Amino acid sequence: MLKKNHSVSSRVKLKYLIPLALAIWWLPILSGLILGFVTSFLEREHKKGVLTIILSSLIASAFYISLAIYVLKVPFLGNLLPTFSVIFSIIDTVIATLTFNFIFYKSSYSTITTDGMYTEFYVSSREEIEDRLKDLLVNCRDPQLTLSEDKISVHRECSGYIVDYEMIEAGKNKYKVRLQVKKKED
């Protein structure tokens, strides 16, 4: 029913996110914010995004902890530099994950073509979908619902266009909505 939009492969995303994490990981707290922010716009699936953050954080953490243990010697910190490296790596990983979750669930991804648009976003209930789409669903017929075990598909014909969307369970009280609006063919 809905055509799925293909995003950049995970390998290509890691090709950019690992060097980014290595470049910024020495900035406590700020690095977690930056990595979470960038990942939330590159990853379109929540589980892959969390795994991407964990993998790039682990690689950057391992590098900077090794650097703190074997290379850097800071006399006034004594043996605390490796400890601080571990603590800030954990904090940055948590901050990156929280930032990713917050932005990921508040964002909308859209593609506009000559014959319509495709959008993905997250909601907490079906009523929230109807509220978000109320301006779009003007002069529409009653919806045609298709129910399956893990998703609800809705088809609505409006004056001049067709609105199709799927609501798929994506976690506790979270639903992923894939919306497609296209011109009605006469």
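**Entry 1: starting out**

I count a residue as buried under 20% relative accessible area, exposed over 50% and partly exposed in between (1.4 Å probe, protein chains only). This is a predicted model, where local features need pLDDT of at least 70, side-chain atom pairs count only at pLDDT 80 or more, and totals for chains, interfaces and linings use all residues. Residues are numbered from 1 along each chain as its sequence is written, and side-chain values use heavy atoms, with hydrogens and water left out.

**Entry 2: threonine 39**

I went to helix α2 (30–42), where threonine 39 has its place; helices (H or I, at least four residues) and strands (E, at least two) are DSSP runs, numbered from the N terminus. Is threonine 39 buried or exposed? I found threonine 39 buried, at 0% relative accessibility.

Next I looked up its neighbours, with contact meaning heavy atoms within 4.5 Å. Leaving aside residues up to four places away in sequence, threonine 39 touches Leu17, Gly49, Thr52, Ile53 and Phe100. Gly49, Thr52 and Ile53 are among the buried residues of α3, and Phe100 is one of those buried in α4.

I also checked polar contacts (N or O atoms within 3.5 Å; within protein, one able to donate a hydrogen and the other to accept it, and residues adjacent in sequence counting only if both atoms are side-chain atoms). A polar side-chain atom of threonine 39 lies 2.7 Å from the backbone oxygen of leucine 35.

I followed α3 over residues 46–71. Its 26 residues reach 36 Å from first C-alpha to last, close to the expected 38 Å; that expectation is 1.5 Å times one less than the number of residues. The buried residues of α3 include Val50, Ser56, Ala60, Tyr64 and Ala68.

Then I took α4, residues 80–106, whose 27 residues reach 39 Å, close to the 39 Å expected. Leu81, Ser85, Asp92, Ile95 and Tyr105 are among its buried residues. What covers the buried residues of α4? I found that the cover includes helices α2 and α3 and strands β1 (108–113), β2, β5 and β6.

**Entry 3: a look at the record**

I opened the unreviewed UniProt entry, which lists residues 16–38, 50–72 and 84–104 as "transmembrane region". Positions are in the numbering used here, feature names are shortened, and annotations may be inferred rather than shown by experiment. In the model, residues 84–104 are 100% helix and 0% strand, with end C-alpha atoms 29 Å apart. Residues 16–38 are 78% helix and 0% strand, and their end C-alpha atoms lie 10 Å apart.

Isoleucine 29 has a positive phi of about 70° although it is not a glycine. At 41% relative accessibility, isoleucine 29 counts as partly exposed.

**Entry 4: strands**

I moved on to the strands, which pair if DSSP finds at least two bridges between them. β2 (residues 116–123) pairs antiparallel with β6 (residues 174–183) over eight bridges, and tyrosine 118 stands opposite glutamine 180 in β6. β5 (residues 161–171) also pairs antiparallel with β6, over ten bridges, with glycine 171 opposite lysine 174. The hairpin of β5 and β6 has two residues between the strands, and asparagine 173 takes a positive phi near 55° there.

In β5 I picked out valine 163, which is buried at 0% relative accessibility. Valine 163 touches residues including Leu136, Val154, Cys158, Leu179 and Gln180.

I then traced β3 (residues 144–147) and β4 (residues 151–158), which run antiparallel and are joined by four bridges. A hairpin of three residues joins β3 to β4, and leucine 145 has valine 154 as its bridge partner in β4.

**Entry 5: the disulfide**

How many disulfides does a search of the whole structure find? I got one, taking a disulfide as a pair of cysteine sulfur atoms within 2.5 Å. Cysteine 140 and cysteine 158 form it, with their sulfur atoms 1.8 Å apart. The pair links distant parts of the chain, 18 residues apart: cysteine 140 in the loop between α5 (126–132) and β3, cysteine 158 in β4. The link is right-handed, with 95° about the S-S bond. Cysteine 158 is buried, at 2% relative accessible area.

Last, I looked at asparagine 139, in the loop between α5 and β3. Its phi is near 60°, a positive value in a residue other than glycine, and asparagine 139 is exposed, at 60%.
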